[in-house]
2 protein chains.
Amino acid sequence: MSIAFGELGTKQVSDHQEKEQPRRRQARGERRIAQLLEAAASVFCTTGYTAASTNAIAREAGVSPGTLYQFFPNKEAIAIELGDRLMHEMRETYGEALATVDPATPLEEAVETAVDRFVDFNCRRPVFFALMHGPDTPGRIAEAHDALHATLVSRIETLLSGFLPDTPAADVNRIAHVCLGIYKAGLELVLAHEGAEREAYVRELKDVLLRYLAPLAHRTLTP
Amino acid sequence: MSIAFGELGTKQVSDHQEKEQPRRRQARGERRIAQLLEAAASVFCTTGYTAASTNAIAREAGVSPGTLYQFFPNKEAIAIELGDRLMHEMRETYGEALATVDPATPLEEAVETAVDRFVDFNCRRPVFFALMHGPDTPGRIAEAHDALHATLVSRIETLLSGFLPDTPAADVNRIAHVCLGIYKAGLELVLAHEGAEREAYVRELKDVLLRYLAPLAHRTLTP
DNA sequence: GGCAAACACGAGAGATCGCTCGCGTTTCTC
DNA sequence: GAGAAACGCGAGCGATCTCTCGTGTTTGCC
């Protein structure tokens, strides 16, 4: 998962013998990359992507601008690599748990665990929210965000379709989008607070979702 | 350094005896201002505040950059004037209706009319949403947004306190913030769609709020 | 030790943007 | 009609940002 230094989007040249593999990283280089990504996360969090200057990221990491460009071809690549690593970390931490939607699980439990897990991840990696929901994310990150968004929507749709077997697909899709919008708004409030207040907002977010979805759940409970 | 209008604190060094003697505008100038603000609204909507260049605004308005600066001291002043006019328009259209919170109104009706009015205004002036909830709004606009936000929160608080007489103020405040967050997220979804689909999302937004607040309303209905 | 490649530096090229300045044109006022 | 002031223009200044380049240092491998 290291950075492909090739000019354009052609990657996946890891194992096969290829003529285009110009960079052989040393341990020092890998350390610098991690250092730079950490610095970038900090700067992106405080100023956003566009306002963050590459010189500021280099300064935060304690290296020169030239060193930064030894490892990243441009500013966008920094955000992309950071986003990729965050995505990978999220999938590794919760991927399997989120992929499996057990139809037997009650709605309340599904909402509780999903919210808990996503809130937990976003609290530990605040830059994820800043990059994903930021207004000025570069094209590649926006694509990743859209992909994640679409994945979550379809996952919610399958979850909902269990409770709404005879509802038009368009309606289910709309409800899923509303759920994601609520989650996003709630997450913003949760991240804006700390300690007990944060917990209270988490509780509130769950309540909003549960009360919104309660009429749907009751349909199956009262045949 | 050589900015003619000085920094934020100091204003108008030229003649301090007069209280703000602005330029005496001609009818042509007023027309140009309206033209420039309209162009700015268009550019802000599509690119956001930071990415919008003053040259692009001037080009969109069909004038030269120098002409733009005949009427606005700097880029921020354009957004401020635009924001002020939008605020004024909003207050003139719905100000009185929103200020009065009749305790006798049922919760459902209050939510319906409030959502309808705000959605209507934001659909007619999409730049309002772009400026207010944009990530990179300049200081003065952010202040105006915070002021509006605080006003709306306290208005929701007074509305809620009628239904929750014996609830800690902190809890009421939190619920009000959640309501605003829901509204904001719903508005984003509404603005992203058109026609019948937009109407459906408006209905959904109202449902989210009503179901979230329903348990509170029932407390007074079942003493 | 010796060599090539990876790493590190920082000045600055190139581009963009906010904003200015000098000068010409239109409009108001008398 | 004449003078003043508002309006209009657009080249370009200064600041800032991304990214490069030439050069010097460190590391891996024989």
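Buried means under 20% relative accessible area, exposed means over 50%, and partly exposed is in between (1.4 Å probe, protein chains only). Keep that handy for this predicted model, where local features need pLDDT of at least 70, side-chain atom pairs count only at pLDDT 80 or more, and totals for chains, interfaces and linings use all residues. Residues are numbered from 1 along each chain as its sequence is written, chains are lettered from A and ligands numbered from 1 in the order in which they are written, and side-chain values use heavy atoms, with hydrogens and water left out.

**A helix to start with**
- Helices here are DSSP runs (H or I, at least four residues), numbered from the N terminus.
- In helix α2 of chain B (residues 54–61), the buried residues are B:T54, B:A56, B:I57, B:A58 and B:A61.

**Where chains A and B meet**
- Counting contact as heavy atoms within 4.5 Å, 19 residues of chain A touch 19 residues of chain B.
- The two chains bury about 1,900 Å² between them, 67% of it on carbon and sulfur atoms; buried area is the accessible area (1.4 Å probe) that two parts lose on being put together, summed over both.
- On chain A's side, A:R174, A:R211 and A:Y212 lose the most area to chain B, together 31% of what that side buries.
- The rule finds four salt bridges across this interface, each a side-chain nitrogen of Lys or Arg within 4 Å of a carboxyl oxygen of Asp or Glu.
- B:R174 and A:E197 join their side chains in a salt bridge, at 3.1 Å from N to O.
- α8 (169–191) and α9 (195–221) of chain A each supply at least two residues of the side that touches chain B, and α8(A) gives the most, with ten.

**Around DNA strand C**
- Near means that one of a residue's heavy atoms lies within 4 Å of the strand; of the 28 residues around DNA strand C, A:R32, A:G66, A:T67, B:T54 and B:K75 come nearest.
- Among the atoms of DNA strand C within 4 Å of the protein, 73% belong to sugar or phosphate and the rest to bases.
- For a base, look at B:N55: one of its polar side-chain atoms lies 3.5 Å from a base nitrogen of DNA strand C.
- α3(A) gives the most to the surface near DNA strand C, with four residues.

Notes. A polar contact is a pair of N or O atoms within 3.5 Å; within protein, one must be able to donate a hydrogen and the other to accept it, and residues adjacent in sequence count only if both atoms are side-chain atoms.
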